[in-house]
Amino acid sequence: MLAVLSWWLIMEVIGFLALPLALRLFRHLPERGYAFAKPLGLLVAGYLLWIGGSFGFLSNTRTAILFVMLLVGLASLLVWWRDREGLAAFLRENRRVILATELVFAVAFFAWAFVRAYNPDIAATEKPMEIAFLNTILRSEHFPPHDPWLSGFAISYYYFGYLLVALLTKLSGVAASVAFNLAISLLFALTVTGSVSLAYNLIATDKGQRIREGLSAILWALLGPLFVAVIGNLEGLFEVLHTRGLGSPAFWSWLDVNGLSSSSPPVTGRWVPTDNWWWWRASRVVNDRDLQGVHQLVIDEFPQFSFLLGDMHPHVLALPFVLLALALAFNLLLGMRTWVVGVGDEDEPATGAIAVRIRHLLSTARQVLSGLWQDHAFDLLMLALCLGALGFLNTWDFPIYLFVIVAVFLIGQLVQHSSLWLVSVLAFALSVAVPAVLLYLPFYLGFQSQAGGVLPTFFNVTRVHQYLLMFGLFVFVILSWIVLQAARVFTSLSAEERRGFWLDIANPLLWMVLGPVLLMALAVVSVMATSAGKEFLRGVLADERVAALIGSTGVAGLLRQALMMRLTNPWTFLLIALSIALLWYLIQRSWKVEVGAASLFVYLIAGVAFLLTLAVEFVYLRDLFGTRMNTVFKLYYQAWVMMAIAAAFGSYYILGRRGLSMGRYVWLVGFAALVLAGTIYPVLAIPNKAGDFKGQPTLDGMAFLQNVRRDDYAAIKWLQENVSGIAYIVESTGGSYTDAAFVSAFTGLPTVLGWDFHQYQWRGNAIESGKRQPDIAQIYQSADSGQVLTLLDKYDIKYVYVGPVERRKYELAPHIAERFGRFLTKVYEGGAVSIYER
């Protein structure tokens with residue numbers, strides 16, 4: 001309990017230190033970003049520690065952390081002093097919102113810490129990797145930190161989130177295995193608080209003032225965290241139907257959720273699924289199949305699943321900062337009048353040489369760029385810092401939210417009828433994107449990736465019922481809302497204008513139908529321009545299943561077959577295309593008539609969300625898995641966040657007005673049914689994952705080792721207590737998700753090689769790991785002490801770990817394992833574990 005209280009208190013202090021900065025940065029929002037002071041302060045402090053540690057100005061110590069927090073406090077003090085009366089007045093006048101925000105944060109943090117206490121084990125899935133990163137960052141004096149699973153190398157992964165957790169761990173003084181679960185609880189609380197704040201600001205800004213008597217904006221805003229972080233997708237409902245024995249074999253075959261069929265899992269007749277990890281299937285509802293009908297894995301996680309699973313992976317670590325970026329975007333839109341840049345009175349030359357016109361354009365661009373930085377230097381730097389952090393937290397998120405920010409600026413300039421909108425947008429985009437990369441340049445210089453370019457999605461088409469299993473509630477609300485908005489526009493038009501209404505809808509719809517096809521064709525052309533791309537296409541065309549479909553027609557046949565597959569299963573594509581077309585029409589209309597900023601912003605983020613889910617139907621990012629699995633995962637996750645916020649606002653918009661008509665009552669029934677269906681998942685899955693809250697609660701994620709690997713647990717504790725700083729070890733290597741490399745994971749002492757396939761993913765090749773595997777086997781199996789010592793010298797190994805896993809993997813008889821004692825010093829022995837020091 002003290003550990004939980006210490007983290008809550010530390011976050012309150014960080015939020016307090018950064019509060020004036022947040023109030024200044026988010027000055028156009030109704031609550032001025034109060035809820036974002038905590039993640040903002042953590043981000044700024046973490047950045048200062050990282051950049052100082054990267055250039056050797058600071059060490060990764062508690063003293064350095066306190067120093068950077070002091071810098072954050074001093075910057076805030078300067079901002080406070082310059083506008084102390086106005087900021088103090090805001091805080092006095094908004095006490096209710098502030099207290100509500102703090103209450104939401106505290107309840108979410110302590111509640112999820114309670115849940116984690118009943119399922120704290122840092123075991124299975126990606127958790128060993130994540131605790132390895134955290135522990136090694138805690139031991140690293142400077143940055144980049146050591147790679148825990150490739151000694152002598154730095155981490156080649158987006159590790160900023162782990163650095164932020166390490167910062168809090170050092171400040172609190174708790175063990176890393178406890179901090180791991182506290183971090184999951186904190187991420188949940190920050191996500192809940194961020195989503196309630198964003199929803200509140202949208203609702204409070206809404207020009208229509210549709211809040212019903214007795215229901216404040218704060219209560220409506222609770223729909224934000226409910227949709228973003230609490231409910232699940234609709235798969236939970238079908239788990240209940242299946243375990244009750246409802247539904248024919250044909251129905252379950254049609255639904256085609258992997259692992260959920262008429263024969264498996266067994267029907268119990270109960271209302272609660274009982275098979276092990278049944279809740280996992282909700283993250284795999286999109287079920288791709290190859291040309292022979294064989295299942296292809298697709299990941300479609302959503303936040304509640306992530307928090308329930310408890311993996312501290314980058315997409316989860318980035319969630320609070322994704323909401324921070326969305327709040328920055330909305331704040332930018334609300335303050336757009338201050339971003340309209342004027343230039344001198346010199347008119348553009350109507351005629352003359354091209355060189356004269358270019359010089360005039362460049363002169364205008366320089367004036368616009370100068371004006372932006374002169375008037376908004378603080379805002380631009382903070383935008384760059386926060387957006388750039390997304391690239392370091394979860395690289396996929398950076399281009400998505402950079403696009404959102406720039407799109408908001410573009411729309412805002414058009415709404416303000418800026419005569420220099422194009423130049424202003426380009427200048428703004430450069431002013432944010434370039435510093436966002438430069439501020440984090442040390443990370444990018446050392447970063448390797450498995451990404452191999454954009455490839456066309458030829459044969460995978462998402463079936464509409466599986467798309468709606470994932471996003472059904474949000475699609476229902478958003479489509480209802482935008483159809484309602486479009487209908488209101490239609491009724492306000494004159495007879496002549498109504499004749500052009502359908503054409504205005506048809507134009508973007510046509511682009512949405514043709515555009516993705518052209519995008520896929522462009523991806524094919526770009527692939528053909530590279531040797532690797534040509535090799536990929538040759539591999540596809542050489543596949544017997546492909547040849548049976550298209551014969552010898554080559555690339556043209558591929559495109560024709562891909563098009564035919566979409567024509568025979570067009571419903572997801574058409575649903576998304578129609579939604580985007582309606583949203584685009586409503587956005588365009590804002591340039592002609594006044595539209596509330598909240599509605600305009602929600603149109604945009606809903607449109608971006610639909611675009612993300614449309615993109616995976618036609619292209620994917622090439623990686624080691626060779627399918628669209630990760631692309632769907634990463635893009636759907638961000639689509640969920642934006643759709644959830646849009647649906648929260650849309651629900652308020654439809655239901656929040658005084659007086660409900662019969663139509664809205666009917667709609668409310670459908671809405672309530674879908675919300676209840678989505679709520680089934682957390683209501684049933686949380687107790688299942690927490691063992692019905694019957695075990696002994698603890699936040700120590702390493703405690704489980706006492707029962708399953710008692711000897712290893714004692715040895716790991718000894719290493720934690722007796723070895724400081726960085727020292728290289730050797731232990732068993734192994735494949736991903738095995739019991740190998742646990743010692744390095746829980747101690748932070750880098751091993752020669754941990755999970756080999758993870759290294760392949762992080763670095764895009766297996767060259768180094770391929771060299772090390774036989775060397776590790778030689779260290780354990782060679783009878784030549786000279787050869788072993790040479791290898792220990794080669795990798796600068798300080799400790800040789802011989803435990804049950806090593807004995808089993810390398811078939812070490814007791815007398816063979818003991819040979820290390822002839823030329824090394826045995827420093828630890830307990831049960832089946834011996835540790836030797838060189």
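This is a predicted model: local features need pLDDT of at least 70, side-chain atom pairs count only at pLDDT 80 or more; totals for chains, interfaces and linings use all residues.
Helices, in the naming used here, are DSSP runs of H or I with at least four residues, and they are numbered from the N terminus. With that naming, F693 belongs to the loop between α28 and α29, the latter spanning 705-708.

**Helix packing**

- Two packed helices are described by the angle between their axes and the distance between the axes.
- Helix α20 (residues 464-492) packs with α28 at an angle of about 155°, and the axes of the two helices are 9 Å apart; α20 and α28 are therefore roughly antiparallel to each other, since angles over 145 degrees count as such.
- The crossing in which α20 passes α28 is left-handed, and the contact is made by G472, L473, F476, V477 and S480 on the α20 side and by W667, G670, F671, L674 and V675 on the α28 side.
- Helix α25 (residues 571-589) and helix α26 (residues 597-615) have axes that come within 9 Å of each other and cross at roughly 155°, which makes α25 roughly antiparallel to α26.
- Here too the crossing is left-handed, with α25 passing α26.
- From α25, the residues F573, I576, S579, I580, L583, L586 and I587 take part in the contact, and they meet L600, Y603, L604, A606, G607, F610, L611, T613 and L614 of α26.

**Aromatic pairs**

- Across the whole structure, a search finds 74 aromatic pairs, and one of them joins F633 and Y637, whose ring centres are 6.3 Å apart and whose planes stand at 85°, so that the pair is edge-to-face.
- F633 and Y637 lie in helix α27 (residues 629-655), and because they are four residues apart there, about one helical turn separates them.
- Both members of this pair are buried: F633 has a relative accessibility of 6%, and Y637 has a relative accessibility of 1%.
- W667 and F671 form a stacked pair, because their ring centres are 5.1 Å apart and their planes are at 10°, an angle that falls under the 30 degrees required for stacking.

**Charges over rings**

- K38 places its charged end over the ring of F105, at 4.9 Å from the ring centre.
- E12, a residue of helix α1 (residues 2-25), touches both K38 and F105, as well as E102, when residues up to four places away in sequence are not counted.
- The relative accessibility of E12 is 19%, and E12 counts as buried because the cut-off for that class is under 20%.
- R709 lies over the face of F742, where the distance to the ring centre is 4.7 Å.

**Backbone features**

- The peptide bond that leads from F143 to P144 is cis, with omega near 5°, and P144 lies in the loop between α6 (127-139) and α7 (160-172).
- F693, in the loop between α28 and α29, has a phi near 60°, a positive value in a residue other than glycine; its side of the accessibility scale is that of a partly exposed residue, with a relative accessible area of 28%.
- Y737 is another residue with a positive phi although it is not a glycine, the value being about 65°, and Y737 is found in the loop between β5 (728-730) and α31 (742-747).

**Helix α32 and the residue after it**

- Helix α32 (residues 756-763) has H758, Q759, Q761, W762 and R763 as buried residues, and what covers the buried residues of α32 includes α6.
- Just after α32 comes G764, which takes a positive phi of about 75°.

Note on methods
Residues are numbered from 1 along each chain as its sequence is written. Side-chain values use heavy atoms; hydrogens and water are left out. Rings of Phe, Tyr and Trp (its six-membered ring) pair if their centres lie within 6.5 Å; planes under 30 degrees apart count as stacked, over 60 as edge-to-face and the rest as tilted. Buried means under 20% relative accessible area, exposed over 50%, partly exposed in between (1.4 Å probe, protein chains only). A charge sits over a ring if NZ of Lys or CZ of Arg is within 6 Å of the ring centre and within 35 degrees of the ring normal. Axes are lines fitted to C-alpha atoms, for helices over the stretch in contact, and angles run from 0 to 180 degrees between N-to-C directions. Angles under 35 degrees count as roughly parallel, over 145 as roughly antiparallel, 65 to 115 as roughly perpendicular and the rest as oblique. A crossing is left-handed if the near helix is turned anticlockwise from the far one by less than a right angle, and right-handed if clockwise. Contact means heavy atoms within 4.5 Å.
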